[in-house]
Amino acid sequence: MADKTYDVIIIGAGVVGSMVARFLSRYKLDVLLIEKDSDIGMGASSANTAIIHAGYDPKPGTLKAEMNVVGNQMFDQLAGELNFTFERRGDYVVAIGPEEFGKLEDLRQQGLENGVPGMVILDGADVRRREPNINPEVSGALWATTGGICDPFGVVIAAAENAVVNGVTLMTDTAFQDFIMEGKRIVGIKTNRGDFRSRWVVNSAGLYSDVVMHKAGLRPEFKITPRKGEYYVFDKAEITINNVLFPVPSATSKGILVTTTVHGNTIIGPNALEIDDKEDRSITREGLDEIWQGAINLVPSLSLRYSIAEFAGLRPGGNAPCANPDVKYSKDFIIEIPKEVDGLVNLGGIESPGLSSSPAIAVRVVELLKGAGEKLEEKPDWNPIRRARPRFRDMLPTEQKLLIENDPSYGRIICRCENVTEGEIVAEIHAPIPARTYDAIKRRTWLGTGRCQGGFDTPRVVEILARELGVSPLEISKKGKGSEFLVRPTKDKEAE
């Protein structure tokens, strides 16, 4: 495929890159989406709080505020078209004590300035009725009815799958190295898998978006500083939190929150630690202690005895000034076609609320291309619908029975904690974007996320992957090359 010419190449298949690919797939364009990792959504999109923010937090007048509010409003239709899990439950900014309660009105006014509908300030009694486990010292809360929760992995996978089904070419294990330039025009990219030419390149490289733009000679002062956020995950059977509970935010962070998820677990976090290493997702004792103290300030009855996992994610925070000269702010999104070079759509600093903003950013990319003179002609056969595959645990008993009668592999439970069947695993291996590693299966089916954290299912998943892919079990990995589970057979079958 090296030296092939495309209309558009998108660098990075996280949630923003995948959304851009999906929205561009509507048009008669030859689009290539590349991802340096073994699967899509393994970067900043792989570890977050899974919240669709209402939009009251970003500073008014910024791109971040605009994209958040517009993107939030798009999620109902997107969830219906792409069949990912999304629940518009609303979220709460919880005030503890009279001093914090006084800050809620300022936050509501900021939300109104951003165009956020449906915000109500509740008193402490109302909050306690809605969330019985809340700190009894709660003085009130700002309830934003448009806030929601989703399966963030499902959003990435659904958008990218719909793009692929509509003609986008996806290449994983394909790392951007440099641009191919003719004068001031970008005419392609160099990768570890060869050169690819194009009329346009979209920089959607997340944590590495600064590296990419610097290769084009752009914004030498711009720097992505990873902000590490650590989390605890609690067993769904032991702790019930009904809503998304934020603390009153500080000047630098939304704060450490307590939230339910679409999978039924409670999670707490994140903190916000600026680091230099863009691959450092290690957890620390100090960080976990910090998020624990923040969480029990909201829900004192939380108990670490029910924690089943900890993880860390990185947010690609940048230092770009707001494009609006009236807003003195240096943490805004970059969404631009720069004047310094031709053929580049440059996206950078897409930190939180990047997930919430992703569809709006994709629409803005389409608008930028049209504004640059691209004659975008719609495909007459473009299909906005991505069909979801069966989820055994969510089906009625009568539906499960019919499914098993049609395919007996759906009657074999592989992950007991999450009730994931062999049929579901096989379906993901042969999906439009095949799952070829354990973690890829995990992101798509949620196996291995329950109380035993994969202790029961891992050997069976390795066996199924090897069988379906037609490879040796020694080649099956957790997350790509270098993370293989097995090093040698323990028995010689011919000698048995």
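Me: What should I know before I start?

Reply: Residues are numbered from 1 along each chain as its sequence is written. As this is a predicted model, local features need pLDDT of at least 70 and side-chain atom pairs count only at pLDDT 80 or more, while totals for chains, interfaces and linings use all residues; side-chain values use heavy atoms, leaving out hydrogens and water.

Me: How many residues of strand 20 are buried?

Reply: Buried means under 20% relative accessible area, exposed over 50%, and partly exposed in between (1.4 Å probe, protein chains only). Strands (E, at least two residues) and helices (H or I, at least four) are DSSP runs, numbered from the N terminus. In strand 20, residues 344-348, five of the five residues are buried. Leu-344, Asn-346 and Gly-348 cover one side, with Val-345 and Leu-347 on the other.

Me: Which way does strand 12 run relative to strand 20, parallel or antiparallel?

Reply: Two strands pair if DSSP finds at least two bridges between them. Strand 12 (residues 194-203) runs parallel to strand 20, joined by three bridges, and Val-202 has Val-345 as its bridge partner. Strand 19 (residues 334-336) pairs with strand 20 in the antiparallel sense, also over three bridges; there, Glu-336 stands opposite Asn-346.

Me: Which residues is Ile-413 in contact with, beyond its neighbours within four places in sequence?

Reply: Contact means heavy atoms within 4.5 Å. Leaving those neighbours aside, Ile-413 touches Phe-392, Asn-419, Val-420 and Thr-421. Ile-413 belongs to strand 21 (residues 413-415) and is partly exposed, because its relative accessible area is 33%.
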